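Here is the note you asked for, written as a set of numbered points to be read beside the model. Please keep the structure open while you go through them.

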Amino acid sequence: MTDKVAAFKLALGNYPTGVTVVTACNDAGEPIGLTVNSFASVSIDPLLILWSLDKKSQLHPYFTVAQKFAVNILASNQEHLCTLFSSKIPDRFAQAKWSTTTLGLPILHDTAAILQCKTSQQIDAGDHTIFIGHVLEIENAQKEPLLYHRRHIGEIPNSFYE
């Protein structure tokens, strides 16, 4: 690893992010999903969000052909889902509470929020693909989010608001 790559990883590893699980269906109609912390809002008019996926991911080919996806913003008590959907376990959904929406998307239960999106754009970005989604439906439970910082997962400390 070069000095620049190490410095890049150190700098971005010190940047706290929220944690999401992005879900969709594969070409056989089966649910797929993975933990993503590269998630951000893009636009209010129209409502657009983005997330990125490593091209080496086993799920990359499925998401590149998916016409829609859901971003499940994890609640502070859902560390188990973060770990589950970042694992190599083949049937992650068998170990999670989930359902299918009227748009045909698999969504996780008890999350902080869910954004159901139509794939608007895919952008080739080095070793990743950036997915831009047009938000079609929003569920918001107003729960505290799960955070990721320096390889640790947890909730916002109460002292943050003091």
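This is a predicted model: local features need pLDDT of at least 70, side-chain atom pairs count only at pLDDT 80 or more; totals for chains, interfaces and linings use all residues.

1. Residues are numbered from 1 along each chain as its sequence is written, and side-chain values use heavy atoms, with hydrogens and water left out.

2. UniProt, in an unreviewed entry, lists residues 12-155 as "domain: Flavin reductase like"; its positions are given in the numbering used here, feature names are shortened, and annotations may be inferred rather than shown by experiment. In the model this span is 10% helix and 50% strand, and its end C-alpha atoms lie 19 Å apart. Helices (H or I, at least four residues) and strands (E, at least two) are DSSP runs, numbered from the N terminus.

3. An open sheet is formed by 7 strands in the order S3-S2-S6-S9-S10-S5-S4, and the pairing is antiparallel; two strands are said to pair if DSSP finds at least two bridges between them. At its edges stand strand S3 (31-36) and strand S4 (39-43), each of which pairs on one side only. From one strand to the next the twist averages 35 degrees, where axes are lines fitted to C-alpha atoms, for helices over the stretch in contact, and angles run from 0 to 180 degrees between N-to-C directions. As background, strands of a sheet pair through backbone hydrogen bonds, either parallel or antiparallel.

4. Ile123 stands opposite Ile130 in S10, and the bridge partner of Ala113 in S10 is Asn140. S9 and S10 form a hairpin with 2 residues between them, and Gly126 in the turn has a positive phi of about 65 degrees.

5. A hairpin is also formed by S2 and S3, with 5 residues between them, and Gly29 in its turn has a positive phi of about 85 degrees. Strand S2 (residues 20-25) and S3 pair in the antiparallel sense over 6 bridges, and Val22 has Leu34 in S3 as its bridge partner.

6. An open sheet of 3 strands has the order S1-S11-S12, with antiparallel pairing. Which strands stand at its edges? They are S1 and strand S12 (152-155), and because each has a single partner strand, one side of each is left without a neighbour in the sheet. Strand S11 (residues 146-149) and S12 pair over 4 bridges in the antiparallel sense, with Tyr148 opposite Ile153 in S12.

7. The largest pocket has a volume of about 1900 Å³ and is lined by 49 residues, of which Thr35, Val36, Asn37, Ser38 and His128 lie nearest its centre. S3 gives the largest share of the lining, 6 residues. On a 1 Å grid over the protein atoms alone, a pocket is an open set of points where a 1.4 Å probe fits, with protein on both sides within 12 Å along at least five of seven lines, and lining residues have an atom within 4 Å of a point. Grid points are joined across faces, edges and corners, and a volume is the space filled by probe spheres set on the points.

8. Some backbone details deserve a careful look, given that most residues other than glycine have a negative phi, and most peptide bonds are trans. The peptide bond from Asp45 to Pro46 is cis, with omega near 5 degrees, and Pro46 lies in the loop between S4 and S5. Asp110, although not a glycine, has a positive phi of about 65 degrees.

9. Arg151, in the loop between S11 and S12, also has a positive phi, near 65 degrees. Arg151 is exposed, with a relative accessible area of 75%; buried means under 20%, exposed over 50%, and partly exposed in between (1.4 Å probe, protein chains only).
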